[in-house]
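The following questions concern one protein chain.

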Amino acid sequence: MEEPLRRIRALHTASTITVYQAYSPEIGLPAIRDGRFPAAWKPGRMSWIKPSFMWMMYRSGWGTKEGQETVLAVEITRDGFDWALRHACLSSYVRGLHPDRGAWQRDLKRAPARVQWDPERDLHLRPLPHRSLQLGLSGEASSRYADEWIVSISDVTPLANEIHALVRNGELDSATGLLPQEQGYPASAELLAHLCP
C-alpha cells in the first residue's frame, strides 16, 4: 500500500497516543522516575513532540547528541493531542491555505501549537518521500501537555541503543522487528484541514 505524502504515524490506543522527546539526563531521568516533568523543564519554551520514533532517532542521533541522551516515550491523551492539532498553525506560510502571509503570521503568533511536516526517516536516517508530523507546543498547549495530558513517561533509550546497534551490524530485519508498530492516526479531515497543504 502506497504511503500518503502526509500522515500522522503513531503508536496509539483508543484513548492515547505516544509521542517522543529527548532530553538531558537532568530532565529525562526525573521525568521517567516521577511520570511528569521536573521543575527544570520550562513550559515557557517551545517543546516539540514527535509521534514518529524514527524521526526522534534522526533528531537525537539515536540518543547520542548532547542534551538528548535520554529518549522518552510520552503517552498522552488523544483528547489533548487533538486539542493541540485544532489550535495549531503551520510553521511556514502556504499560498492557498492561508489568505495571505500577514494572516498566517498573525495566526502563528496567536497559536499555542505549530505543525511541521518533515520527511520520515529510514533505519539509516535517510529521508523518505513521505512526511511525518512534528508538533510544537508553547504557552497554553505546553502547560496542558505537562499538567493534564500525560498518562505515562517511559525510557526508550535502551531500545534506541539496541536498534542502533543492529543497524550498525547490518541486521536490518531484526532492527525493523523492534520498531514501535506505528499506524496511521485516525485524525479527521476536518481536524487537519488547516494543517495539510
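Q: Which strands and which helix are included in what covers the buried residues of α2?
A: The model is a predicted one. Here cover is judged by contact, that is, heavy atoms within 4.5 Å. For the buried residues of α2, the elements that cover them include the strands β2 (16-23), β4 (70-77), β6 and β7, and the helix α6 (157-168).

Q: How many of the eight residues of helix α2 are buried, and which are they?
A: A residue counts as buried when its relative accessible area is under 20%. Helix α2 spans residues 53-60 and is mostly covered, with six of its eight residues buried. These are Phe53, Met54, Trp55, Met56, Met57 and Ser60.

Q: Which residue of β7 is the bridge partner of Ile49?
A: Strand β3 covers residues 47-49 and β7 covers residues 127-137. Three bridges join the two strands, which run antiparallel. Within β7, the partner of Ile49 is Leu135.

Q: Which residue of β7 is the bridge partner of Arg114?
A: Strand β6 (residues 113-121) is joined to β7 by eight bridges, and the two run antiparallel. In β7, Arg114 is paired with Gly136.

Q: Which residue takes a positive phi in the hairpin of β6 and β7?
A: The hairpin has five residues between its strands. The phi in question is near 65°, and the residue that takes it is Leu125.

Q: Why does the radius of gyration of the protein chain agree with that of a compact globule?
A: The chain has 197 residues, and a compact globule with that number would have a radius near 16 Å. Its C-alpha atoms fill a box of roughly 50 × 45 × 35 Å along the principal axes. The radius of gyration agrees with the globule value because the protein chain has 17 Å.

Q: What share of contacts between residues at least 6 apart in sequence joins residues at least 24 apart?
A: The protein chain has eight helices and nine strands, and 49% of its residues count as buried. Among contacts between residues at least 6 apart in sequence, the share that joins residues at least 24 apart is 75%.

Q: How far apart do the centres of the positive and negative side chains lie?
A: The protein chain has 23 positive and 23 negative side chains.

Technical notes
Residues numbered from 1 in each chain as written. Predicted model: local features only at pLDDT ≥ 70, side-chain atom pairs only at ≥ 80, totals over all residues. Heavy atoms only, no water. Helix = DSSP H or I, 4+ residues; strand = E, 2+ residues; numbered from the N terminus. Rg over C-alpha atoms; globule rule 2.2 N^0.38 Å. Buried < 20%, exposed > 50% of the residue type's maximum accessible area, 1.4 Å probe, protein only. Lys, Arg positive; Asp, Glu negative; His and termini not counted. Charge placed at Lys NZ, Arg CZ, Asp CG, Glu CD. Pairing = 2+ DSSP bridges.
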